[in-house]
Amino acid sequence: MSDSLSADTVMIAGYDGDEIEVYVARPSEEGPRGGVVVIHHMPGYDRGTKEIARRFAELGYDAICPNLYWREAPGAAPDDAAATARAQGGVPDERLIGDVGGAAAYLRALPSSNGKVGVIGYCSGGRQSVLAACNLDLDAAVDCYGAFVTGTPPAEFPLKITNLVDQLHNLRCPLLGLFGKEDSYPTPEQVADLDEILTANDKPHEFHSYEDAGHAFFANDRPSYRVAAANDGWERIQEFYGTHLGG
C-alpha cells in the first residue's frame with residue numbers, strides 16, 4: 001500500500017499513432033512494480049474511473065486510464081463525450097486494441113516498471129478487457145461484468161459490437177471475472193458459457209458471481225452499488241494482480 005501518490009493527465013500515442021488523453025496515477029515510491037490499464041465504462045472517462053486508477057496506485061501499481069472517447073469529443077464533459085460516442089456506435093474494436101496497447105507500452109517504459117501489465121474493465125470495458133487480452137501480450141486481465149463476451153447483442157443495442165466467442169481461444173493471459181447473479185448483461189447463462197469455452201480451450205481463469213448483485217455493483221455513486229460484493233471483488237483483484245503482476 002502507498003500513502004503517497006501522484007496523478008496527472010498526459011498525452012500518449014494510441015491506435016495508429018493518434019495522440020490521446022490518458023489519466024495516470026502512480027505511487028511516489030520507486031519501483032519495480034507492475035502496471036494496470038483501466039478501461040472505463042460506457043458512461044465514459046469520469047470521476048469514478050479516475051478514482052479507480054488512483055486506488056490501483058494506492059495498492060502499489062502504476063495505473064493508466066485512456067480516454068477512449070477523446071477523438072469523438074476532446075475536452076468534453078464525460079456525459080457529453082459518452083453520448084457522442086454512443087451515437088457513433090461506440091469504440092471500434094481495432095481502435096480499442098491500439099489504445100490499450102499504447103497505454104501498456106507507456107507503463108512498460110516507465111522507470112518504475114517491472115515489465116508486467118494487467119488490464120481491467122467495467123461494463124463495456126469488461127468486454128474490452130477480454131478483447132485486449134485476446135490480442136495483446138498482457139500478464140493478467142479482469143472482466144467486471146462485461147456484456148457480450150458471449151451472447152448476442154439485441155438489435156436495439158447502441159454499440160456496434162459482436163461477441164468475442166471466435167477470439168477466446170487466443171486469450172493470452174489469466175482472466176479474473178466478477179459478475180452479479182442478478183445481471184441481464186451478462187446473464188448467468190452467458191457467464192457459464194464463457195466459463196465453458198475457456199475451460200475447453202485450457203485458458204486459466206477464475207470467476208466469482210455474487211448474490212443480490214446486478215450490473216455495476218462496483219459503482220459506489222449509483223443505486224446498483226453492493227458493498228459486500230464490491231469489497232470482496234476488490235480483495236480478489238488485489239490477490240489476482242499480486243500473483244500475476246507482483247506487488
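Analyst: Helix 6 covers residues 227-245, and its 19 residues should span 27 Å at 1.5 Å a residue. The end C-alpha atoms are 26 Å apart, which agrees with that expectation. Keep in mind that this is a predicted model.

Start with the buried side. Ala229, Ala230, Gly233, Trp234, Ile237, Phe240, Tyr241 and Leu245 are buried in helix 6. Viewed down the helix axis, these buried residues fall within an arc of 135°, so they line one face of helix 6. The general rule is simple. An α-helix has 3.6 residues a turn, so residues three or four places apart point the same way.

Now turn the helix over. On the other side of helix 6, Ala228, Glu235, Glu239 and Thr243 are exposed.

What does the buried face meet? The buried residues of helix 6 pack against one other helix-numbered element, helix 1 (47-58), and against several strands, among them strand 3, strand 5 and strand 6 (140-144). Strand 7 (175-180) and strand 8 (205-210) are also packing partners of these buried residues.

The largest pocket holds about 420 Å³ of space. Helix 1 and helix 6 are the elements that give two or more residues to its lining. Helix 1 gives the most, with six residues. The lining of the largest pocket divides into 10 nonpolar, six polar and six charged residues.

Terms used:
Residues numbered from 1 in each chain as written. Predicted model: local features only at pLDDT ≥ 70, side-chain atom pairs only at ≥ 80, totals over all residues. Heavy atoms only, no water. Helix = DSSP H or I, 4+ residues; strand = E, 2+ residues; numbered from the N terminus. Expected span 1.5 Å × (residues − 1). Buried < 20%, exposed > 50% of the residue type's maximum accessible area, 1.4 Å probe, protein only. Arc of directions from axis to C-beta. Contact = heavy atoms within 4.5 Å. 1 Å grid on protein atoms, 1.4 Å probe; cavity = no way out; pocket = protein on both sides within 12 Å on 5 of 7 lines; lining within 4 Å. Points joined across faces, edges and corners; volume = space filled by probe spheres on them. Nonpolar A, V, L, I, M, F, W, Y, C, P; charged D, E, K, R; others polar.
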